[in-house]
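Thanks for making time this morning.

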Amino acid sequence: MAAVATCGTGAGSTGSVVAAGSKNHVTSFQRRGPRASGSDSSYSRLVSIAGTRPSVRNGQLLVSTGLPALDQLLGGGLAVGTVLLIEEDKYNIYSSLLFKYFLAEGIINGHTLLVASAKEDPADILQELPAPLLDDNFKKDFDEEACNHKTAESNIKMKIAWRYQLLPKMEAGPVSSSRFGHYYDASKKMPQELIEASKWHGFFFPEKSSSTLNIEPCSLTHGYIKLLQFIQNIIYEEGFDGSNPQKKQKNILRIGIQNLGSPLWGDDICCTENGNSHSLTKFLYVLRGLLRTSLSACMITMPTHLIQNKAIISRVTNLSDTVVGLESFIGSERETNPLYKDYHGLIHIRQIPRLNNLIYDVSDVKDLAFKLKRKLFTIEEEKEYTLNDLYKRLHLPPDLSDTVSRSSKQDLAEPSKLLGPGCGVMAGGKKHLDF
Amino acid sequence: RSFWKGSLASASSVSTTWTELREGLGKLTLLCDANTDGSFLVHHFLSFYLKANCKVCFVALIQSFSHYNIVGQKLGVSLTVARECGQLVFLEGLKSSVDVFFRAQAEPHPLQFLREANAENLQPLYEFVREALKPVDDGEAAWRCPVLLVDDLSVLLSLGMGAVAVLDFIHYCRATVCWERKGNIVALVHDSGDTEDEENNILLNGLSHQSHLILRAEGLATGFCRDVHGQLRILWRTPSQPTTQRDQSLTYQYKIQDKSVSFFAKGMSPAVL
């Protein structure tokens with residue numbers, strides 16, 4: 001993990017836990033907030049990096065993903081030194097939005113950004129970032145929205161919903177803006193002055209592909225080698241790996257890589273089943289090595305639904321720390337089903353890392369859906385319908401209940417297959433735990 | 001056999017006598033996980049062998065040194081101390097990969113296949129292991145039997161090595177560590193299930209046939225459960241004997257806690273009783 005206690009000394013790294021490196025672990029209770037004793041000056045400098053906080057579980061230094069609901073699902077945020085892999089939804093609508101939230105959060109917190117894309121110029125991506133919601137403006141607009149559902153400038157697609165288990169409601173509304181995690185207005189752009197004040201590096205593959213390689217040819221594709229060199233260069237030059245201990249204030253490097261694995265990067269795993277099966281995985285391994293030895297956090301979006309060789313997807317998952325899959329309802333048969341109002345798609349938390357621990361905070365909730373309203377991207381547990389609710393939704397008189405229940409049960413069965421065993425169609429609030 | 005059962009049932013407070021340890025020498029133990037994370041087994045064996053005063057060579061390809069160290073402290077061992085006094089030789093894959101990839105190395109590096117387009121074999125890695133576990137010539141036997149621990153072997157496939165190269169590597173290590181030096185090898189391989197990872201299947205099957213003990217952690221078929229994290233299948237094998245002899249197996253269910261793992265018979269989770 002990122003060297004913490006040794007950032008000031010430059011000795012071998014001992015880890016990114018927010019504590020003096022060689023001390024025994026203490027309970028998470030003691031780790032909350034900066035130490036009064038101030039035994040390690042670099043420790044207090046690290047805790048005071050804007051936009052970070054220690055995890056309540058294991059003291060790991062966390063940054064916000066830009067989506068507070070997602071932070072909550074991931075146990076507080078994204079751990080510094082790790083990779084968050086987003087499996088893109090089919091048309092890359094919501095995954096690119098998550099990508100922008102991640103970068104926007106970096107700008108708001110004053111982090112350094114590294115934006116890599118083979119499709120869009122990073123400068124253009126930054127122009128498209130959503131504007132942050134400030135407390136007072138937000139409250140006014142939120143009340144206004146609760147009253148009427150005018151969607152004049154809305155370009156939101158039809159909302160879909162599918163509801164399953166009745167579980168404790170997650171925090172769906174915004175809290176007042178704090179230092180960690182912010183809310184963004186997807187319909188407005190980030191103010192130009194904030195973008196210009198930020199520090200960012202862009203890697204646009206079509207521009208970089210012509211320069212020569214100074215590394216031996218190995219099985220990585222050209223694009224991946226160049227990107228790795230670029231990242232390593234920034235980390236080294238700007239001291240994110242602790243190589244320049246004289247730097248006065250530590251900062252986080254947020255790395256965002258878009259559409260990794262797509263043919264635009266020169267990789268053919270999305271085109272053919274017998275593509276280069278090692279390039280992407282080797283890239284991820286070395287990338288994680290770079291992340292573990294620096295104060296950086298990385299979000300990658302990947303069109304996994306296009307990867308032909310399923311073995312690669314499982315290897316990629318093993319090589320990533322956190323993996324979140326997005327599945328939008330656009331274009332699927334659920335889009336026009338009145339049972340699926342309110343939601344735009346499903347979020348699958350496929351993997352959460354066990355960092356410095358034998359266990360991790362596993363949320364009880366496995367069935368999550370998201371919706372994008374004009375201002376907010378929210379994630380909620382899918383709720384379960386009783387059959388009575390279903391009849392009401394479908395506006396059907398009770399004497400048709402036999403036929404209705406049969407066809408709707410069939411509808412119910414299909415997505416339950418999608419979400420795997422352990423969740424099922426249950427009437428009432430019974431938990432489906434078949435053990 | 002009772003040695004293994006006992007050690008698993010009380011994974012947090014492992015005590016072993018020399019006679020018990022001697023029974024289990026020269027063995028290859030295969031750790032396997034399917035639909036779940038079997039790394040708790042790696043942490044267990046690492047702390048177990050360090051506490052048993054064995055000399056350990058840990059090829060740690062998946063996480064950083066500090067991660068294993070912090071978990072090790074929860075299980076009662078300090079990797080920092082063990083490394084400093086020479087009991088533990090630790091190859092930190094993630095950190096070394098950055099060194100190897102970006103800078104040409106003067107000497108052969110155990111992970112130098114990362115720089116090569118078509119690395120044929122893992123010989124540099126084997127040489128590293130052999131050097132790490134070579135007998136100390138200073139007269140007194142400081143440590144008990146040598147142990148090679150690998151976390152994990154599947155990632156070598158992701159880094160461009162073929163299944164045959166990895167099997168060869170283990171074969172050479174067995175010759176040196178198990179037969180020549182009467183030590184043990186413990187290695188983790190993922191079971192990729194139905195993801196059609198042929199190379200991984202070859203590796204897993206090949207190693208299964210060579211192993212004396214297979215510990216297989218599986219996610220529950222019924223899905224996620226808060227009180228039972230998975231199922232552990234233990235299979236004792238005698239690779240040299242004809243296959244008509246029945247291998248003994250046991251199945252436990254387990255729940256991983258902050259500093260230990262508790263095992264119980266199927267359906268006997270305290271949460272259910």
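This is a predicted model: local features need pLDDT of at least 70, side-chain atom pairs count only at pLDDT 80 or more; totals for chains, interfaces and linings use all residues.

A:Phe283 sits in helix 10 of chain A, where helices (H or I, at least four residues) and strands (E, at least two) are DSSP runs, numbered from the N terminus. Residues are numbered from 1 along each chain as its sequence is written, chains are lettered from A and ligands numbered from 1 in the order in which they are written, and side-chain values use heavy atoms, with hydrogens and water left out.

Is A:Phe283 buried or exposed? With a relative accessible area of 0%, A:Phe283 is buried, and by that word I mean under 20% relative accessible area, with exposed being over 50% and partly exposed in between (1.4 Å probe, protein chains only). Leaving aside residues up to four places away in sequence, A:Phe283 touches A:Leu220, A:Tyr224, A:Leu227, A:Leu228, A:Ile257 and A:Leu260, a contact being heavy atoms within 4.5 Å. A:Leu228 is 55 residues away along the chain, yet its C-alpha atom and that of A:Phe283 are separated by 7.5 Å.

Now for the helix itself: helix 10, residues 279-292 of chain A, lies across strand 4, strand 9 and strand 10 of chain A, and it runs at about 160 degrees to strand 10 of chain A. For such angles, axes are lines fitted to C-alpha atoms, for helices over the stretch in contact, and the angles run from 0 to 180 degrees between N-to-C directions.

What is the strand order of the sheet of 9 strands in chain A? The order is 8-5-9-10-4-11-12-13-14, in an open sheet with mixed pairing, and two strands pair if DSSP finds at least two bridges between them. Strand 8 (200-204) and strand 14 (377-381) of chain A stand at the edges with a single partner strand each, so one side of each has no neighbour in the sheet. From one strand to the next, the twist averages 20 degrees. Helix 9 of chain A, residues 222-237, also packs on this sheet, touching strand 5 (112-117), strand 8, strand 9 (253-257) and strand 10 of chain A, and its direction makes about 170 degrees with that of strand 8 of chain A.

Within the sheet, strand 4 (residues 83-87) and strand 10 (residues 296-302) of chain A pair in the parallel sense over 5 bridges, and A:Val83 has A:Cys298 in strand 10 of chain A as its bridge partner. In strand 5 of chain A we find A:Thr112, which is buried with a relative accessible area of 4%. Its contacts, not counting residues up to four places away in sequence, include A:Lys199, A:His201, A:Asn251 and A:Arg254.

Chain A has another open sheet, of 3 strands in the order 1-2-3 with antiparallel pairing, whose edge strands, strand 1 (52-54) and strand 3 (78-79) of chain A, each pair on one side only. Taken as a whole, chain A comes to 13 helices and 14 strands, and 56% of its 435 residues are buried.

Let me turn to chain B, which comes to 10 helices and 9 strands, and where buried residues make up 56% of the 273 residues. Strand 2 of chain B has 7 of its 7 residues buried, with B:Cys54, B:Val56, B:Phe58 and B:Ala60 on one side and B:Lys55, B:Cys57 and B:Val59 on the other. Strand 2 (residues 54-60) runs parallel to strand 3 of chain B, joined by 5 bridges, and parallel to strand 4 (residues 144-151) of chain B, joined by 7 bridges. B:Cys57 stands opposite B:Val89 in strand 3 of chain B, and in strand 4 of chain B its bridge partner is B:Leu148. Strand 3 (residues 88-92) of chain B is mostly covered as well, with 4 of its 5 residues buried.
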